[in-house]
Amino acid sequence: MAEVTEEKMKWGMAIDLDVCTGCNACVTACAMENNIPFTGEDESGYGRGLHWIRIQRYWHGDYPEIKPDYSPMLCQQCGNAPCEPVCPVFAAVHSEEEQINLQVYNRCIGTRYCANNCPYLSRVFNWFDYEIPEPMAYYLNPSVTVRRRGVMEKCTFCVQRIHAGQEQAKAEGRPVQDGDIVPACAQACPTDAIIFGDLSDPQSRVSQMARSQRSFRQLEELGTEPRVIYLKGGGQYGG
Amino acid sequence: MDKVIALTKRPAFRIGVGLVLLVLLAGAGGGLYLTQTPPPQPIQFPHNLHVGIGAQCQYCHPGVAWGPTAGLPSISKCWGCHQQVQKKSPELEKLAAYVSRNEAVPWVPVAIQPDFVHFNHRPHVAAGVACESCHGDISKMTVAEPQPRQNMGWCLDCHKTMAPENFTRLSDCSICHY
């Protein structure tokens, strides 16, 4: 399309663990936004739960003085992603345009190599077609594919919202501004612990957080170049 | 082993296999045929007549200008013109009946994409793609007819002809599949 060709955005996310309360609002919001079915207790017990974002809980300290510590874990949208080269059908591909990892559902044949190679365990597999009873079908988001059995899925950084934000900005004839695009988890976060934005813009909120002294990346030593930046100082929630 | 060969040489077996193959082939052919025929509509809407008297596509399908879907006109849109037009046709009587019941016309969408494909009209219309280049020559149709062979290769054939600096975006999986 012969329209405005804007600079490529490098989407990133910053998660401030010092203000995360582990309330799971992001998990719920993600499930509603992305048509993630509820698999139930039994299936989760088998390790077949479907979550694109989950809250990992760690305990700190010795017995009477133990404190919880929460860490939301989602697809890190690695710049050098271990999941991509192992896919035999190129269903896990890197988006040159949005600089994120994609999962192309209609290509996926369900070998699960990608999930086995993901150090963050952030990919989940549809072991079954999970039934959605009739009135519940109205909650489905029409902008997101309802995945079928045998397909791998993962966090997309709410790419449908990225596209909607870009479309909105283009329709109004202006560049995408910081804060235009908010994924479901960041929108739902009551403590504003999750910040999403453009890492290539040094003035964006997420870039400023990424430069913080408290910032670190998960399993940085593996060289995956994650796009999700965690912030953690000395203190923690409740402590 | 001898028994198996004897079985495959039996005429009844061969006829049976042939019949099964025929049924499968007919099913596949019929299925393909059904996807290429216009679905039954509640009103045999004459597109050719409306386009012929100069109605613009966007007058009834304005959604293309701002969003992903073109939209189907509501009864108030139809009735805005047709309450002033003499009702000579039985199809218009059907419309009048819907309006008197204050009921939406249950139009059946024709140009549909699979669930894993997300198409957006706005950028295409903004780039000046004519409606006819994808939807066929509407001025020769009564009810809208599905266009054959609109697959991903067909999309990319057109995207390939765009400016090379835009092709990275226009060939990106995430642009349609998410």
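Where is Asn35(A) found in chain A? I looked, and Asn35(A) sits in the loop between helix H1 (25-33) and helix H2 (40-45) of chain A. Helices here are DSSP runs of H or I with at least four residues, strands are runs of E with at least two, and both are numbered from the N terminus.

Before going on, I noted that this is a predicted model, where local features need pLDDT of at least 70 and side-chain atom pairs count only at pLDDT 80 or more, while totals for chains, interfaces and linings use all residues. Residues are numbered from 1 along each chain as its sequence is written, chains are lettered from A and ligands numbered from 1 in the order in which they are written, and side-chain values use heavy atoms, with hydrogens and water left out.

I checked the backbone of Asn35(A) and found a positive phi of about 55 degrees, although the residue is not a glycine. Most residues other than glycine have a negative phi. Is Asn35(A) buried or exposed? Asn35(A) counts as buried, at 3% relative accessibility. (Buried means under 20% relative accessible area, exposed means over 50%, and partly exposed is in between, with a 1.4 Å probe and protein chains only.)

Asp192(A) is partly exposed, at a relative accessible area of 38%.

**Tyr105(A)**

Next I went to the loop between strand E5 (101-103) and helix H3 (113-117) of chain A, where Tyr105(A) lies. Tyr105(A) is buried, with a relative accessible area of 8%. Which residues is Tyr105(A) in contact with, leaving aside its neighbours within four places in sequence? I listed Trp52(A), Thr145(A), Arg147(A), Val151(A), Met152(A), Glu153(A), Thr156(A) and Tyr178(B); contact means heavy atoms within 4.5 Å. I also looked up Arg148(A), 43 residues apart from Tyr105(A) along the chain, and their C-alpha atoms are separated by 8.6 Å.

**Chain B as a whole**

I counted 10 helices and zero strands in chain B. How far does its C-alpha trace span along the principal axes? The answer is about 80 × 50 × 25 Å. The radius of gyration of chain B is 24 Å, whereas a compact globule of 178 residues would have one near 16 Å. (That radius is taken over C-alpha atoms, and the globule rule is 2.2 Å times the number of residues to the power 0.38.) Buried residues make up 23% of the 178 residues in chain B. Of the chain B contacts with a separation of 6 or more, 62% come from residues 24 or more positions apart.

**Inside chain B**

I then picked helix H5 (residues 75-82) of chain B, whose buried residues are Ile75(B), Cys78(B), Trp79(B) and His82(B). Seen down the axis of H5(B), these residues fall within an arc of 95 degrees, so they line one face of the helix. The arc is that of the directions from the helix axis to the C-beta atoms. Their cover includes helix H3 (47-52) and helix H6 (90-101) of chain B.

His47(B) lies in helix H3 of chain B, and His47(B) counts as buried at 16% relative accessibility. Beyond its neighbours within four places in sequence, I found His47(B) in contact with His61(B), Ile138(B), Met141(B), Thr142(B), Val143(B) and Ala144(B).
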